[in-house]
Amino acid sequence: MRHLKRTAKLGRTSTHRNAMLANLVCSLIRHKRVTTTLAKAKAARSVAEKIVTLGKRATLQSRRLAAARLHTRGTTEQLTKEERQKWRQEEDILRILFEDIAPAFKERNGGYTRIVRMEQRPGDSAQKAILEWVDYTPPAPAPEEAAPGTEAEKPETTAKEAEGKKAEAKA
């Protein structure tokens, strides 16, 4: 009997499960939002919340614990200075966690993530969900600009606007 054993097995061995959850949390840190199944989202939520708590401590020991839990290391390739800066800015999970995400939650005591349920997946009817940070707002789509060869149509002025402009010109 599995009384008082709350770990979600997710049909995987313990090492596979830990690696999968670490990858899921790394993706959450990098992209701020992840779409997955509901069971995986619920399992990854507790890992993500514990990692943010480590990030809020901001000590060398907490950085090492987070790196060990997330299975992250620095890049092993020889990069130029610009490539290294780009990697650090966009790909370095520990930097993003300790410098961007954790300070945003400094005043918050837990509850850093939210799970939003979505429709079921057509193939196996698994319940899908979005796992995201609580203060995350998706970026607004950029307005499409007119092609360089064509001009965008300007709205014509109304009769009232035209009369107002004539009255200002007389004054």
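A salt bridge is a side-chain nitrogen of Lys or Arg within 4 Å of a carboxyl oxygen of Asp or Glu. This structure holds seven of them.

The model is predicted: local features need pLDDT of at least 70, side-chain atom pairs count only at pLDDT 80 or more, and totals for chains, interfaces and linings use all residues. Residues are numbered from 1 along each chain as its sequence is written, and side-chain values use heavy atoms, with hydrogens and water left out.

**Salt bridges**

| Arg30 | Glu91 | 3.2 Å |

Arg30 and Glu91 link distant parts of the chain, 61 residues apart. Arg30 sits in helix H1, and Glu91 in the loop between helix H4 (81-90) and H5. Helices are DSSP runs (H or I, at least four residues), numbered from the N terminus.

Burial follows relative accessible area: buried is under 20%, exposed over 50%, partly exposed in between (1.4 Å probe, protein chains only). Arg30 is partly exposed at 29%. Glu91, at 33%, is partly exposed too. Arg95 is buried, at 5%, whereas Asp100 is partly exposed at 38%. Glu119 counts as partly exposed, at 46%. Arg33, Arg114 and Glu132 are joined in a network of salt bridges.

Glu49 lies in helix H2. It is buried yet has no salt bridge. The Glu49 side chain instead reaches the backbone nitrogen of Gly111 at 3.1 Å. Beyond neighbours within four places in sequence, Glu49 is in contact (heavy atoms within 4.5 Å) with Gly110, Gly111, Tyr112 and Thr113.

**Helix H3**

H3 spans residues 60-70, and its buried residues are Ser62, Ala66, Ala67 and Leu70. They cover an arc of only 140° around the axis, which puts them on the same side of H3. The arc is that of the directions from the helix axis to the C-beta atoms. These buried residues pack against helix H1 (14-31), helix H2 (38-57) and helix H5 (93-104). The face turned away carries exposed Leu60, Arg64 and Ala68. Just after H3, His71 takes a positive phi of about 55°.

**Ile101**

Ile101 is found in helix H5. At 4% relative accessibility, Ile101 counts as buried. Leaving out residues up to four places away in sequence, Ile101 touches Ile29, Lys32, Val52, Ile96 and Trp133. Its C-alpha atom is separated by 10.0 Å from that of Asp135, 34 residues apart along the chain.

Note on methods:
Helices (H or I, at least four residues) and strands (E, at least two) are DSSP runs, numbered from the N terminus. Lys and Arg count as positive and Asp and Glu as negative; His and the chain ends are not counted. A polar contact is a pair of N or O atoms within 3.5 Å; within protein, one must be able to donate a hydrogen and the other to accept it, and residues adjacent in sequence count only if both atoms are side-chain atoms.
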